Amino acid sequence: MRLDLFSDVADLTAAIVDIESVSGAEEPLADAVEEALRALPHLAVERDGNNVIARTDLGRPERVVLAGHLDTVPLNGNLPSRMEGDRLYGCGTTDMKSGVAVALRLAATVTEPTRDITYVFYECEEIEAERNGLRRLAATRPELLAGDFAVLMEPTGAHIEGGCQGTMRIEVTAKGERAHSARAWMGSNAIHTAGQILDILRAYEPTRPVVDGLEYHEGLNAVFVQGGVAGNVIPDECVVTVNYRFAPDKSLAEAEAYLREVFEGFDVKVTDAASAARPGLTHPAAAAFVESVASGGTEVRAKLGWTDVARFSELGVPAVNYGPGEPTLAHTKDEYVEMPLIADCETRMRTWLC
């Protein structure tokens, strides 16, 4: 399974898609990527598990990082890939092997970039965070991710999406007292009390903070409700799990403090959290990227969701999401990518780097 990085980017995308790489089984694709990159004399290549890192070292005043994950969600009868008109169908076409193909083409053909470039192709993005290859590199080899600016080749429909939202899940607990349901007045119904939590959520009006010129749309929603003991028992506890999606103007500590204020009077327990990432569009390297890539009507918008740009943000590297895939098609059986968008992304990125 060899990859021809000098082939047309559409053909290269199809070849990458046809190398199955469900999360945890990326080795064949990582092997093919490593072999192709090691054949390029202008790049220094390292392998870390199923992460492949390639770097130029030309002494340029700036270094940028182009990153993309190699894994996909499980197959759903959608391999091998197939062409229908200008659309390439198959698992991972939009999320995000088309973006990986663009980065690999640039790695092969941009031999004298105006900025030094680090290419990062990593494993296990689609599963639990503990196995994420970019997370491991950030913890063990942060020097490999160092740069002035980063582009994560996530599907954005060829628009620039700055930063990302943070996410926090909490359990809000309403307390009561058990009693026989025939003598309910002797107890206190926690499920009834939980109605106050739902009232707070119904009354919540999402804020729309503007960060670095981009408008984010926050969200606060119940995603689970758990309560009840038996069919004849007044419950003494009801737990509402709430997911908070917050803009990058808040830290994790600030997001937690806000939620504790919103649900004052109830027990609040944080069960999961991931930091937001500022787009950093005022940084000179980021501004140059936007000026180059966004010419011709490409929209610049906030990323409404969480992506691995947050890992770069934690390392002090401003980052954006930019890739040819359509995000609403990710993980679907009929996932596809528009071939003209792949070529357009490659052209715009090449203009920026050259």
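User: What share of the 354 residues of the protein counts as buried?

Analyst: In this predicted model, 53% of the 354 residues count as buried. The cut-off for that word is a relative accessible area under 20%. The secondary structure comes to nine helices and 19 strands, and the C-alpha trace spans about 80 × 45 × 40 Å along its principal axes.

User: Why is Pro318 called buried?

Analyst: Pro318 has a relative accessible area of 14%. Buried means under 20%, so Pro318 is called buried with its value of 14%. Pro318 lies in the loop between α8 and β18 (319-321). Beyond its neighbours within four places in sequence, Pro318 is in contact with Asp148, Phe149, Ala150, Pro279, Gly280 and His283. Between the C-alpha atoms of Pro318 and Val262 there are 31 Å in space, and the two are 56 residues apart in sequence.

User: Why is Pro80 called exposed?

Analyst: The relative accessible area of Pro80 is 64%. Exposed means over 50%, so the value of 64% places Pro80 in the exposed class. Pro80 belongs to the loop between β3 and β4 (82-84). Pro80 and Val229 are 149 residues apart in sequence, with 50 Å from C-alpha to C-alpha.

User: What makes strand β3 (residues 63-69) largely enclosed by the rest of the structure?

Analyst: Seven of the seven residues of β3 are buried, so the strand is largely enclosed by the rest of the structure. In a regular strand the side chains alternate between the two faces of the sheet. Arg63, Val65, Ala67 and His69 point one way from β3, while Val64, Leu66 and Gly68 point the other way, and all are buried.

User: How do you know that β3 pairs with β6 (residues 116-122) and with β7 (residues 149-152)?

Analyst: Two strands pair if there are at least two bridges between them. Seven bridges join β3 to β6, and these strands run parallel; Ala67 stands opposite Val120 in β6. Four bridges join β3 to β7, again in parallel, and Val64 stands opposite Phe149 in β7. Both pairings therefore meet the cut-off of at least two bridges.

User: Why do β1 (44-48) and β17 (300-302) stand at the edges of the open sheet of eight strands?

Analyst: The order of the eight strands is β1-β2-β6-β3-β7-β18-β8-β17, with mixed pairing. β1 and β17 each have a single partner strand, so one side of each is left without a neighbour in the sheet. The twist averages 25° from one strand to the next. At the β17 end, three bridges join strand β8 (residues 160-162) to β17 in parallel, and Glu161 has Arg301 as its bridge partner in β17.

User: Which helices lie across or pack on this sheet at β3 and β6?

Analyst: Helix α3 (residues 93-109) lies across β3 and β6, running at about 140° to β3. Helix α9 (residues 339-353) packs on the sheet, touching β3, β6 and β7, and its direction makes about 160° with that of β3.

User: What makes β13 (219-227) and β16 edge strands in the open sheet of four strands?

Analyst: That sheet has the order β13-β15-β9-β16, with antiparallel pairing. β13 and β16 each have a single partner strand, so one side of each lacks a neighbour in the sheet. From one strand to the next the twist averages 20°. β13 pairs with β15 (residues 237-246) in the antiparallel sense over eight bridges; in β15, Cys238 is the bridge partner of Gly227. Helix α5 (residues 190-203) packs on the sheet, touching β9, β13 and β15, at about 15° to the direction of β15.

User: Which residues are closest to the centre of the largest pocket, and how does its lining divide?

Analyst: The largest pocket has a volume of about 450 Å³. Of its 17 lining residues, Ala129, Thr167, Asp272, Ala274 and Trp306 are the closest to its centre. The lining divides into six nonpolar, three polar and eight charged residues. β16 gives the largest share of that lining, three residues.

User: What is the volume of the second largest pocket?

Analyst: Its volume is about 290 Å³. Of the 14 residues that line the second largest pocket, Asp95, Glu125, Glu154, Trp306 and His331 are the closest to its centre. That lining divides into five nonpolar, four polar and five charged residues.

Technical notes. Residues are numbered from 1 along each chain as its sequence is written. This is a predicted model: local features need pLDDT of at least 70, side-chain atom pairs count only at pLDDT 80 or more; totals for chains, interfaces and linings use all residues. Side-chain values use heavy atoms; hydrogens and water are left out. On a 1 Å grid over the protein atoms alone, a cavity is a set of points where a 1.4 Å probe fits but cannot get out, and a pocket is an open set with protein on both sides within 12 Å along at least five of seven lines; lining residues have an atom within 4 Å of a point. Grid points are joined across faces, edges and corners, and a volume is the space filled by probe spheres set on the points. Ala, Val, Leu, Ile, Met, Phe, Trp, Tyr, Cys and Pro count as nonpolar, Asp, Glu, Lys and Arg as charged, and the others, Gly among them, as polar. Axes are lines fitted to C-alpha atoms, for helices over the stretch in contact, and angles run from 0 to 180 degrees between N-to-C directions. Contact means heavy atoms within 4.5 Å. Buried means under 20% relative accessible area, exposed over 50%, partly exposed in between (1.4 Å probe, protein chains only).
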